[in-house]
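Welcome! Let's take a friendly walk through a protein structure, starting with the whole chain and then visiting some of its residues.

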Amino acid sequence: MTDVLIQKLTGMLDQVYPALDTGWLARELLDAMALEDDSPGPPAHQNNWDESDILLITYGDSVQAAGEKPLHTLKRFLDDCLKGTVNAVHVLPFFPYSSDDGFSVMDYRQVNESLGDWEDIRAIASGYKLMADLVINHMSARSRWFENFRRRKHPGRDYFFEADPGQDLSEVVRPRTSPLLVPFQTEDGERHVWCTFSEDQVDLNFANPQVLIEFVGIIRFYLEQGVRIFRLDAVAYLWKEPGTSCIHLQQTHELIKILRLLVEHHTPDAILITETNVPNRENLTYFGNANEAHVIYNFSLPPLLINTLVSGNSRHLKTWLMSMPPAQMGTTYLNFIASHDGVGMRPTDGLLTEEEKAALIRCMETFGGRISYRRLGNGDSQPYEINISLWDALKGTEVQGPDQWQLQRFLCAHTIMLALEGIPAFYIHSLLGTGNDHARMEHTGRLRSINRGQWQLDVLENELDNPLSHHSKVFTELSRLIHIRRSQPAFHPNATQFTLHLGLKIFGFWRQSMRRDQSIFCIHNITDEVQQVSLADINLIGTDQWHDLIGGERIDDLSGCLTLKPYQAVWLSNQ
């Protein structure tokens with residue numbers, strides 16, 4: 001066993017558990033991860049991704065077929081319709097659960113029988129980079145661990161975070177309006193358990209190092225099943241200290257470093273992604289010094305991009321892009337504009353004014369969206385996220401309402417996402433152009449269900465085979481754009497990016513390959529009117545031959561103008 005690894009681990013553990021024998025704990029963690037030899041880990045600042053990486057986000061049962069387990073159907077859909085288009089798949093929680101569509105896990109080591117089994121998971125992992133959720137902040141109140149907590153038995157008796165309701169908890173940052181402390185009857189009386197998200201999602205107590213050891217063993221088990229990308233769900237809330245905000249505490253950052261160190265020594269090409277739906281500056285801290293998350297979600301992109309396209313003004317998107325630091329080698333962004341959750345509003349703090357947020361919310365409500373709220377320390381509520389499908393979010397503008405440009409606006413949004421620094425991620429319902437599912441939302445009583453619909457595979461295949469269907473138009477054109485993107489070195493997730501200044505009605509940026517031999521100027525009309533762009537303002541090098549990768553046109557007159565139709569995008573490349 002490597003002394004260097006033990007020393008690194010002990011140094012990190014000392015920051016979390018200063019009163020413990022962290023040398024013992026370090027050895028326990030290495031045993032849990034089965035690191036018995038002098039495993040060197042990856043070289044510093046290694047990129048485990050390139051321009052060919054495209055991630056699909058889906059539930060295990062988003063696509064279904066009669067008489068077949070959904071995970072098997074999903075694998076069939078991936079192979080038949082998406083082979084060569086996406087190479088990574090995030091299967092949202094596929095474990096037995098009691099609520100929240102999988103995020104209230106009852107057993108971390110089992111696959112939900114209604115979806116399939118570990119053989120189905122390994123089959124997906126054999127053909128795609130598999131991303132799985134590590135629901136690390138909380139678990140189900142119906143789990144065996146929590147039943148043991150209530151019965152005062154091990155394992156579980158001291159696995160959950162308790163607090164005194166008489167304490168001042170007004171500083172705690174809340175993502176929900178539900179009570180923070182929930183009373184539970186146990187065999188030795190009533191206990192108040194910390195519940196960040198809901199009374200069925202009881203928060204784990206990482207102040208007990210045995211909980212950390214358990215999760216390291218779970219991570220190792222997932223690696224053995226083929227998981228290569230870990231989404232650390234709600235990780236910002238991991239460490240609790242009454243009297244503080246209980247979000248982004250230093251112990252949380254140290255625990256992420258510990259997990260990364262262990263994971264990359266076990267599987268050097270594995271990736272940790274932190275899910276921290278918070279204001280932009282706070283989100284960026286999860287890179288650490290290239291020693292925490294390999295990848296962070298670009299949470300400000302969805303609300304800013306939607307706001308840009310429904311307002312026809314790129315000012316805030318451009319300001320944000322200019323403020324984003326280039327990710328160090330070995331780290332990058334995950335770019336997405338829709339997911340199983342809603343469009344987060346906290347990531348717009350400091351980026352949009354309160355009036356602009358209110359205008360965006362009114363527009364989304366007009367397009368069929370719903371708003372969920374979070375509780376503030378003073379007892380007030382504040383909009384937390386917009387629940388809406390991306391297809392319907394982009395059906396019109398703030399001023400005109402629904403219009404004829406929905407498809408073009410929708411494609412423009414994804415063209416921007418595909419070209420930005422980072423790894424692109426497509427929610428399955430965006431890739432298919434699925435609209436608001438009000439019936440499902442009414443049936444479940446949960447606002448997020450509006451964008452968590454399910455397709456029958458035969459119905460979906462008929463829609464994709466029908467060239468007049470908007471689902472077919474969306475899927476065909478997004479697939480084409482993805483194929484173009486995957487072969488461009490200038491779209492490597494860590495390739496250089498600079499923002500262009502072409503007025504408020506045009507959003508543009510320049511990407512340059514890491515070898516500096518390819519440049520792509522990505523220019524987008526974000527309005528419902530024709531726009532002219534002077535090529536002289538773009539600074540195309542006169543000795544190069546330029547053409548639009550999307551439309552195929554050559555640019556011969558560098559003193560001329562580009563004429564862009566409403567929501568048209570061009571990728572001007574010298575290769």
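## Starting with contacts

Two residues are in contact when they have heavy atoms within 4.5 Å. Take the contacts in the chain with a separation of 6 or more: residues 24 or more positions apart account for 70% of them.

Before going further, please note that this is a predicted model, in which local features need pLDDT of at least 70, side-chain atom pairs count only at pLDDT 80 or more, and totals for chains, interfaces and linings use all residues. Residues are numbered from 1 along each chain as its sequence is written, and side-chain values use heavy atoms, with hydrogens and water left out.

## The whole chain

How many helices and strands does the chain have? There are 17 helices and 27 strands; helices (H or I, at least four residues) and strands (E, at least two) are DSSP runs, numbered from the N terminus. The radius of gyration of the chain is 24 Å, close to the 25 Å that the globule rule gives for 575 residues, so the chain is as compact as a globular protein of that length. Here the radius is taken over C-alpha atoms, and the globule rule is 2.2 Å times the number of residues to the power 0.38. Along the principal axes, the C-alpha atoms fill a box of roughly 80 × 55 × 50 Å.

## Surface and charge

Of the 575 residues in the chain, 62% are buried. Buried means under 20% relative accessible area, exposed means over 50%, and partly exposed lies in between (1.4 Å probe, protein chains only). The accessible surface of the chain comes to about 21,700 Å², with 47% belonging to carbon and sulfur atoms; the areas come from the Shrake-Rupley method with a 1.4 Å probe, and for residues only the protein chains shown count as cover.

The chain also carries 50 positive and 73 negative side chains. Lys and Arg count as positive and Asp and Glu as negative, while His and the chain ends are not counted. The centres of the two sets lie 1 Å apart, where each charge is placed at NZ of Lys, CZ of Arg, CG of Asp or CD of Glu.

## Backbone details in the loops

Which two residues does a cis peptide bond join? They are His154 and Pro155, and omega is about -5 degrees. Look for Pro155 in the loop between helix 5 (144-151) and strand 6 (181-186).

Two other loop residues have a positive phi without being glycine. Ala34 has a phi of about 60 degrees and sits in the loop between helix 2 (22-32) and strand 1 (55-58). Tyr567 has a phi near 65 degrees and belongs to the loop between strand 26 (561-564) and strand 27 (569-573). Ala34 is partly exposed, with a relative accessible area of 32%, whereas Tyr567 is buried at 4%.

## A buried pair: Asn137 and Asp203

Asn137 is in the loop between strand 4 (129-134) and strand 5 (138-140), and Asp203 is in strand 8 (residues 201-203). Asn137 is buried, with a relative accessibility of 0%, and Asp203 is likewise buried, with a relative accessible area of 0%. Their side chains make a polar contact at 3.2 Å. A polar contact is a pair of N or O atoms within 3.5 Å; within protein, one must be able to donate a hydrogen and the other to accept it, and residues adjacent in sequence count only if both atoms are side-chain atoms.

The side chain of Asp203 makes a polar contact with the side chain of Lys240 too, at 2.9 Å. Leaving out residues up to four places away in sequence, Asn137 touches several residues, among them Thr196, Tyr237 and Lys240. With that same exclusion, the residues that Asp203 touches include Tyr159, Trp194 and Lys240.

Is helix 9 (residues 301-311) largely enclosed or exposed? Since 10 of its 11 residues are buried, helix 9 is largely enclosed by the rest of the structure. Among the buried ones are Leu301, Ile306 and Val310. After helix 9 comes Gly312, whose phi is positive, near 70 degrees.

His470 is found in helix 17 (residues 470-485) and is partly exposed, with a relative accessible area of 27%. The side chain of His470 reaches the backbone oxygen of Gly433 at 2.8 Å. Not counting residues up to four places away in sequence, His470 touches Trp391 and Gly433. His470 and Leu432 are 38 residues apart along the chain, and their C-alpha atoms are separated by 8.7 Å.
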